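I opened my notebook for an afternoon of looking up contacts. Here is what I wrote down, entry by entry.

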Amino acid sequence: MESHFLLSQTDGRPMYLQIIEQIKNKIAVGDWQQGFKLPSIREFAVTLKVSVITVKRAYQELENQGVIVTQQGKGSFVSSGENMSLKIREQEIDVHLVEALKKANALGISVDELLDRLGSLASKHLQNVDRSE
Amino acid sequence: MSNLAIELNNVCQSYSHFNLSGINLELEAGSILGLIGPNGAGKSTTIRILMGLLVPQGGNVQVLGHDMLKEAALAKWKIGFASEDMRLYKNMSLQWHIDYMKSLFPGWDDSYVKTLIKRFDLIPEQKIKGLSHGQRVKANLLLVLARRPKLLVLDEPTTGLDPVARQETLRELMDVMMDEDRSILFSSHNTQDIEQLSDKITFIDRGRVVNSKDKETFLEEWRRVRIEIDSEKDLNSINHLVDVKRSGRVAVVTTNKFNESFIQLLKGFGASISSVESLSLEEIFVAEVFSSRGGE
């Protein structure tokens, strides 16, 4: 199997989280559509040069999140849920937004203030994008 | 036959300055076990025992369904063993060694030899004495892998290898795992290699098993939590705290039983959580060794 994945050695996160993120990314960008058959756990582990248990862990987590379904003896497939790609993109951005909320809370910044900050950052960011075009 | 490729039960061995005491070790078929320990911890002695090269004074040793105290010869046909101590004939070529091994082992795989020669960038006609350390390690590994053994036992397979040779070696080890009933036990003090490849990890120190779990559990249970807390507050009553470092209102606590209730517990002490960090296997290993030594 040709590898579509590259795990980072310097990324501080556990390897199974990197695998989850990269699988979700393949689905989010539409490379792996609903019903797509994922590589077997063993095959994937060999390709990535990581242990079988690490890939198993990633698949279990993806199954819990409803991203993939595993059929005994047949393998794992991308879930046929509606708009899986959109759902994953939303989940992905939510992770960062929740982090921002936690950080704001720790710094004593209210949700309204945070929304204002986001608004003003968005307009600044858009200006930058305009200029660079 | 059980689906354990290796089972060591309460293995003991005494020397005048070193004891192996009550070693238990299990390796499930189809998986990789990493044996980690400081120099002189007993890794090589343990490996010699499970290979049947050394008969222990006490305990049971089962390898691939064979009792190693009675049927070591039968098991050895199915085990591929490589260690730094193994010497090839220096005046002979790699090809000579390949032909020799082929004459001994019926399952010898010639096409795999060709693949490995290419992947390892070896020259079969070259005499062993002309090989670099890395080439010798790879030649040894080739001679073991081409037998397609059910169990690979590798003592420090990546020690002294350059980064390219190390990656080549790790790749070959993982390729072995494509086959569901083949297993690998490898020892190392390079925790990074073990963290990457192993399904299960056993830490040993001073002749004892310090801890043994599946790798993901190890990584999951250890966390370093940075908190802000009243400097007067006493944290000693919290369970499973392995380490606490404090300076003013900032504290860094390390736990080996992390879960959501640990965070709640810290909050109950009036702490606010700044960050929760995973530990590398190396950090976990060092902490495990120190805490086991401290408990003596």
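**Entry on the interface**

How many residues does the contact take from chain B, and how many from chain A? I found 21 residues from chain B and 15 residues from chain A. I noted at once that this is a predicted model.

Next I looked up the area buried between chain B and chain A, and it is about 1600 Å². Carbon and sulfur atoms give 55% of that area. On the chain B side, I wrote down B:Met174, B:Gln196 and B:Glu216, which supply 35% of the area that chain B buries against chain A. That is more than any other three residues supply.

I then checked for salt bridges between the chains, and the count is two. I looked at B:Glu220, which forms a salt bridge with A:Arg57. Their closest N and O atoms are 3.1 Å apart.

**Entry on chain A helices**

A:Arg57 turned up again when I turned to H1(A) and H3(A), as one of the residues of H3(A) that meet H1(A). Helix H1 covers residues 15-28 of chain A and helix H3 covers residues 52-64. Their axes come within 8 Å and cross at roughly 50 degrees, so I put the pair down as oblique to each other. The crossing of H1(A) past H3(A) is right-handed.

From H1(A), the residues in the contact are A:Met15, A:Tyr16, A:Ile19, A:Ile20, A:Ile23 and A:Lys24. Their partners in H3(A) include A:Val55, A:Ala58, A:Tyr59 and A:Leu62. By class I have nine nonpolar, one polar and three charged residues in this contact.

**Entry on chain B helices**

I started with H4(B), residues 110-120, and H6(B), residues 163-176. They pack at an angle of about 155 degrees with their axes 10 Å apart, and that makes H4(B) roughly antiparallel to H6(B). I noted a right-handed crossing here. H4(B) brings B:Tyr112, B:Leu116, B:Arg119 and B:Phe120 to the contact, while H6(B) brings residues including B:Glu168, B:Arg171, B:Glu172 and B:Asp175. The classes are four nonpolar, one polar and five charged.

H3(B) passes H5(B) in a right-handed crossing. B:Leu94, B:His97, B:Ile98 and B:Met101 meet B:Ala139, B:Leu142 and B:Leu143.

Notes
Residues are numbered from 1 along each chain as its sequence is written. Chains are lettered from A and ligands numbered from 1 in the order in which they are written. This is a predicted model: local features need pLDDT of at least 70, side-chain atom pairs count only at pLDDT 80 or more; totals for chains, interfaces and linings use all residues. Side-chain values use heavy atoms; hydrogens and water are left out. Axes are lines fitted to C-alpha atoms, for helices over the stretch in contact, and angles run from 0 to 180 degrees between N-to-C directions. Helices (H or I, at least four residues) and strands (E, at least two) are DSSP runs, numbered from the N terminus. Angles under 35 degrees count as roughly parallel, over 145 as roughly antiparallel, 65 to 115 as roughly perpendicular and the rest as oblique. A crossing is left-handed if the near helix is turned anticlockwise from the far one by less than a right angle, and right-handed if clockwise. Contact means heavy atoms within 4.5 Å. Ala, Val, Leu, Ile, Met, Phe, Trp, Tyr, Cys and Pro count as nonpolar, Asp, Glu, Lys and Arg as charged, and the others, Gly among them, as polar. Buried area is the accessible area (1.4 Å probe) that two parts lose on being put together, summed over both. A salt bridge is a side-chain nitrogen of Lys or Arg within 4 Å of a carboxyl oxygen of Asp or Glu.
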